[in-house]
Amino acid sequence: MRKSFITAAVGLSLAMPLLGTAVPAAAAAPVAGYTSTTSTTSTTTTDANEAFFQAVLKSVAEKRAANPTSTAAVTVVYDASRAPTFSAQIASSTQIWNSAVSNVKLQSGSAASADFSYREGNDSRGSFASTDGHGSGYIFLDYRQNQQYNSTRVTAHETGHVLGLPDHYTGPCSELMSGGGPGTSCTNAQPNATERSRVNQLWANGLAAAMDKALQKS
């Protein structure tokens, strides 16, 4: 992890006029576009996604090292207080992922205990996931984009970034991380078998390495 402040963003993005008063997402770095025609490079997208995943891993590992538990599944806590408009979609996304994978579970909590948070507002880049690389990550849900595309799919897709999955816009509708690639008619919000397997693998292997680092600091 770089010591300098880095803001990385990944996710669904769509260049649209802002509606009403804009609520800035506070992410200054390039954002992965909603389609493959974005000027953002795939390398930037991959690096941004990895930065978010590592930040969440670090946050979870440090809390787990401080309070050892015998529970096999890792709990990732999120704060949804800053995205009240999308409370139903966030709850659905949580249920989807908790039913789909076994090595990590999402749980609602307070801002003080959260490993990441959800935010809402208007942003010309659309919805995305962002982190400063130091454990402070959030998912931004754009109003306009969520009116055009299936909102539960958007939310579940962005949450997939938190769990370690990158964008794959050329994939079919059955692939959650294909995002907006299949078009506005795609309403699938379920990760496919490959995506589920990948998340379980990432949290089994990634957490072990993150725990080693956290225990060395404790």
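This talk walks through one predicted protein model, from its overall layout down to a few single residues.

Before the details, a word on the ground rules: the model is predicted, so local features need pLDDT of at least 70 and side-chain atom pairs count only at pLDDT 80 or more, whereas totals for chains, interfaces and linings use all residues. Residues are numbered from 1 along each chain as its sequence is written, and side-chain values use heavy atoms, with hydrogens and water left out.

Let me begin with the overall layout. The protein has 5 helices and 6 strands, where helices (H or I, at least four residues) and strands (E, at least two) are DSSP runs numbered from the N terminus. Followed along the sequence, these elements come in the pattern β-α-β-α-β-β-β-β-α-α-α. Of the 218 residues in the protein, 50% are buried, and here buried means under 20% relative accessible area, exposed means over 50%, and partly exposed is in between, with a 1.4 Å probe and protein chains only. Among contacts (heavy atoms within 4.5 Å) with a separation of 6 or more, 67% are between residues 24 or more positions apart.

Now to a pair of helices. Helix α2, residues 87-100, and helix α4, residues 151-162, pack with their axes 9 Å apart and at an angle of about 55 degrees; the axes are lines fitted to C-alpha atoms, for helices over the stretch in contact, and angles run from 0 to 180 degrees between N-to-C directions. The two helices are therefore oblique to each other, given that angles under 35 degrees count as roughly parallel, over 145 as roughly antiparallel, 65 to 115 as roughly perpendicular and the rest as oblique. On the α2 side the contact is made by Q89, I90, S92, S93, I96 and W97, and on the α4 side by S151, T152, T155, A156, T159 and G160. Sorted by class, this contact has 4 nonpolar, 8 polar and no charged residues, with Ala, Val, Leu, Ile, Met, Phe, Trp, Tyr, Cys and Pro counted as nonpolar, Asp, Glu, Lys and Arg as charged, and the others, Gly among them, as polar.

Next, the aromatic rings. A search of the whole structure finds 7 aromatic pairs; rings of Phe, Tyr and Trp (its six-membered ring) pair if their centres lie within 6.5 Å, and planes under 30 degrees apart count as stacked, over 60 as edge-to-face and the rest as tilted. In one of these pairs, the rings of F128 and F140 have centres 5.4 Å apart and planes at 20 degrees, so the pair is stacked. Because F128 lies in strand β5 (residues 128-131) and F140 in strand β6 (residues 137-142), the pair ties together parts that are 12 residues apart in sequence, and both residues are buried. Elsewhere, ring pairs link Y78, F116 and Y118 into a cluster.

I will finish with three single residues. Y143 lies in helix α3, residues 143-148, and at 25% relative accessibility Y143 counts as partly exposed. Leaving aside residues up to four places away in sequence, Y143 touches T85, F86, E120, G121 and N122. A111, in the loop between β3 (104-108) and β4 (116-121), counts as exposed at 56% relative accessibility, and its C-alpha atom is separated by 7.6 Å from that of Y78, 33 residues apart along the chain. Y169, in the loop between α4 and α5 (193-217), counts as buried at 14% relative accessibility.
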